[in-house]
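Welcome! Please take a moment to look over the sequence and the model, and then read on for a short tour.

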Amino acid sequence: MGDIEKLKIIVDRDECIGDGLCAEEAPKTFEIDDDEKAVVLNNSTDDRECILDAGKCCPVDAIIIEDKATGKKLCPEE
Ligand code: SF4
């Protein structure tokens with residue numbers, strides 16, 4: 001397994017504009033579904049940096065990532 005088990009990842013589908021940038025950055029973690037919105041693939045093997053880079057590249061801050069162990073919000077950056 002990748003680092004996804006240690007991260008809580010939520011896509012705010014109301015905010016997502018479906019441009020696919022996250023899926024390009026971390027294709028094992030994010031996928032664009034039939035509604036043209038991003039979904040999280042929970043069996044991702046992408047590493048932590050890759051997942052965080054994908055979250056940070058979202059132009060509308062629709063990807064929220066927290067560290068499960070610490071509860072620290074990693075994305076979007078405040
Ligand atoms: S980068 Fe953001 S807006 Fe683009 S598809 Fe991913 S979640 Fe949606």
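Helices (H or I, at least four residues) and strands (E, at least two) are DSSP runs here, numbered from the N terminus. The model is predicted, so local features need pLDDT of at least 70 and side-chain atom pairs count only at pLDDT 80 or more, while totals for chains, interfaces and linings use all residues. Residues are numbered from 1 along each chain as its sequence is written, and side-chain values use heavy atoms, with hydrogens and water left out.

Leaving out residues up to four places away in sequence, isoleucine 63 touches Ile9, Ile10, Val11, Cys22, Phe30, Ala54, Gly55, Cys58, Cys75 and Pro76, where contact means heavy atoms within 4.5 Å. Glutamate 15 is 48 residues away along the chain, and its C-alpha atom is 9.1 Å from that of isoleucine 63.

Isoleucine 63 also belongs to the largest nonpolar core, which has 20 residues; Ile9, Phe30, Ile63 and Ile65 have the most contacts inside it. Such a core is a set of buried Ala, Val, Leu, Ile, Met, Phe, Trp, Tyr and Cys residues joined through side-chain atoms within 4.5 Å. At least two residues of this core come from each of strand 1, helix 1, helix 2, strand 4 and strand 5. Helix 2 gives the largest share, four residues.

Phenylalanine 30 has contacts of its own: beyond its neighbours within four places in sequence, the partners include Ile9, Val39, Leu41, Ile51 and Ile63.

**Helix 2**

Helix 2 covers residues 48-56, and its buried residues are Cys50, Ile51, Leu52, Ala54 and Gly55. These buried residues pack against strand 1 (7-11), helix 1 (21-25), strand 2 (30-32), strand 4 (63-67) and strand 5 (73-75).

**Around the ligand**

How many residues surround the ligand? There are 13, and the closest are Cys16, Asp19, Gly20, Cys22 and Cys58; a residue is near a molecule if one of its heavy atoms lies within 4 Å of it. This shell divides into ten nonpolar, two polar and one charged residue. In this count, Ala, Val, Leu, Ile, Met, Phe, Trp, Tyr, Cys and Pro are nonpolar, Asp, Glu, Lys and Arg are charged, and the others, Gly among them, are polar.

**Loops and backbone**

Most residues other than glycine have a negative phi, and most peptide bonds are trans.

| Residue | Phi | Relative accessibility |
|---|---|---|
| Glutamate 36 | near 60° | 56%, exposed |
| Aspartate 61 | near 55° | 45%, partly exposed |

Glutamate 36 sits in the loop between strand 2 and strand 3, and aspartate 61 in the loop between helix 2 and strand 4. The peptide bond from cysteine 75 to proline 76 is cis, with omega near -5°. Proline 76 is found in the segment after strand 5.

Finally, look at asparagine 42, in the loop between strand 3 (38-40) and helix 2. With a relative accessibility of 61%, asparagine 42 counts as exposed. Its C-alpha atom is 18 Å from that of leucine 74, which is 32 residues away along the chain.

Key: Buried < 20%, exposed > 50% of the residue type's maximum accessible area, 1.4 Å probe, protein only.
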